[in-house]
Amino acid sequence: MANRDAVPKTLPKVVGEGECKKKNVQADGRNRRALGDIGNLVTVPAVGAKPQTKISRPITRRFAADLIVKGQAPVEKNKKKPPVEVTKGVPATKAGVPTKAEASKKVSVKAKAEIFTVKRRDEDVKTIEEDIPLNRRKVKKSGKTLTSVLTSRSKAACGLPTKPKIQIVDIDAADVDNHLAVVEYVDDIYKFYKLTEDEGRPCDYMDLQPEINFSVRAVVVDWLIEAHKRFELSPESLYLTVNIMDRFFSKETVFRRELQLLCISSMLIACKYEEIWPPEVNDFLTITDNGYIRDQILVMEKAILEKLEWYLTVPTAYVFLVRYIKASFPSDQKEMENMTFFLAELGLMNYKTVISYCPSKLAASAVYVARATLNKSPRWTDTLKHHTGYSEDQLMECAMELVRFHSGAAENKLGAVYRKFSSPNRGAVALLPPCKRSSLEVRL
């Protein structure tokens with residue numbers, strides 16, 4: 001009690017009022033107790049002292065957390081309290097006794113060392129972070145921000161539809177082991193086709209041909225489709241034949257007496273290019289009722305190749321049809337294929353369709369109308385948009401033309417295409433009701 005009374009009691013200073021009066025007489029500084037004697041410091045071995053006995057208890061998460069808390073408590077306490085002013089006459093600390101700053105530094109270093117040496121075990125239920133104060137815990141950053149969460153909740157509350165993810169199906173996954181499908185190069189091949197398709201297209205030649213009009217050309221193509229069916233040729237030969245004939249019309253004037261000769265010569269070239277066993281010259285003479293001789297066909301064949309500069313490797317609508325039909329699955333493969341080729345050949349007979357639209361757009365429009373006619377939903381998928389490069393709006397004009405051709409196919413006098421696809425071998429797709437144009441106009 002005597003020591004406690006001997007300690008002078010000081011009052012804090014008030015701003016603007018000066019120093020307060022002291023109630024007791026100032027005592028000698030030697031009678032005051034050192035700050036280290038009142039229990040506000042952590043006991044730490046002095047420099048050169050014997051090391052403490054190591055704890056043999058296994059360090060679990062709980063035990064490690066207790067050690068951390070005990071080591072950090074004095075540091076937190078000292079940080080919160082303001083520094084105490086030491087008046088004159090207070091003796092310095094004894095040798096070997098660390099100051100508060102040194103003790104705090106050692107304790108914090110020790111606590112950090114203990115944190116890094118803790119071994120996490122699965123059997124401990126509580127983690128170290130549970131005993132660490134909230135202001136010292138590290139918050140894990142999540143991928144979503146508060147703004148994005150609030151925005152999505154607001155859209156959901158207002159009933160706004162969320163944007164669906166683009167789903168592109170790998171249509172070549174089933175052909176990975178098929179070396180003829182060239183899965184590694186097929187995308188690059190079709191990119192090249194799209195870049196070069198305009199080079200192999202015919203220009204508008206109707207004004208250059210005095211004896212040929214739209215109807216005459218339609219009759220010629222209708223006859224070619226009949227001859228193609230009679231010889232049982234591949235579809236590639238038909239599309240290449242029409243391409244060769246139209247390109248020759250773009251470069252040379254043809255009179256009506258030579259029109260059929262041009263047709264059979266163009267088909268002869270296409271068959272030599274596409275077929276394994278092409279028809280012979282005598283076979284073409286037979287279907288013309290021997291209206292020409294052999295030398296005339298060979299001379300016309302040579303003239304065509306010279307005008308076209310032997311450029312026969314062109315991307316016709318057929319190469320795009322095969323790819324786009326494959327991209328339109330899952331659906332009924334045979335029915336979808338027959339309906340698409342039916343619409344494409346109707347477009348092949350029309351001069352304006354061939355001249356106005358590139359082969360890839362004609363093929364994509366045929367696939368789009370075929371899906372609409374067969375009530376496939378959705379009419380245009382992300383996979384089709386990815387592989388064709390066209391949206392529904394870009395195909396709508398050509399699609400309307402194909403629907404019009406389908407609607408009038410039964411009454412058309414040139415019925416080679418209608419008869420071809422009315423047979424059971426072709427699924428009789430020509431007999432199906434055409435897609436209503438009003439349903440397409442709604443999407444415009």
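These legends accompany several close-up views of a predicted model.

**View 1. Confidence along the protein chain.** The protein chain averages a pLDDT of 77, and 66% of the residues score at least 70. Over residues 1-27 pLDDT stays under 50, and the model has 7 contacts for them beyond four places in sequence. Residues 84-95 also stay under 50, with 4 such contacts.

**View 2. The salt bridge between R323 and D187.** Here the side chains of R323 and D187 meet in a salt bridge, at 3.1 Å from N to O. This pair links distant parts of the chain, with R323 in helix 11 and D187 in helix 5, 136 residues apart. R323 counts as buried because its relative accessibility is 5%, under the 20% cut-off. D187, at 40% relative accessibility, counts as partly exposed.

**View 3. D246 and R217, a salt bridge between helices.** A search of the whole structure finds 11 salt bridges, and this view shows one formed by D246 and R217, whose closest N and O atoms are 3.0 Å apart. D246 sits in helix 7 and R217 in helix 6 (residues 214-231), so the pair links distant parts of the chain, 29 residues apart. Both residues are buried.

**View 4. D198 with R201.** Another salt bridge joins D198 to R201, with 3.4 Å between the closest N and O atoms. R201 is partly exposed, at a relative accessible area of 24%.

View 5. Look for T316 in the loop between helix 10 (294-307) and helix 11 (317-327). Is this residue, T316, buried or exposed? With a relative accessible area of 10%, T316 is buried. Leaving aside neighbours within four places in sequence, T316 is in contact with Y239, L240, N243 and P359.

**View 6. A nonpolar patch on the surface.** V182, Y185 and I189 form this patch, and together they have about 260 Å² of accessible area. V182 lies in the loop between helix 4 (146-158) and helix 5 (186-196). At 31% relative accessibility, V182 counts as partly exposed.

**View 7. F255 in its loop.** F255 is found between helix 7 (235-251) and helix 8 (259-274). F255 is partly exposed, with a relative accessible area of 33%. Although F255 and Q209 are 46 residues apart in sequence, their C-alpha atoms are 8.0 Å apart in space.

Conventions. Residues numbered from 1 in each chain as written. Predicted model: local features only at pLDDT ≥ 70, side-chain atom pairs only at ≥ 80, totals over all residues. Heavy atoms only, no water. pLDDT = per-residue confidence, 0-100. Contact = heavy atoms within 4.5 Å. Helix = DSSP H or I, 4+ residues; strand = E, 2+ residues; numbered from the N terminus. Buried < 20%, exposed > 50% of the residue type's maximum accessible area, 1.4 Å probe, protein only. Patch = residues over 30% accessible without salt bridge, like charges linked within 9 Å, V, L, I, M, F, W, Y side chains within 5 Å. Areas by Shrake-Rupley, 256 points an atom, 1.4 Å probe, with all protein chains shown as cover. Salt bridge = Lys/Arg side-chain N within 4 Å of Asp/Glu carboxyl O.
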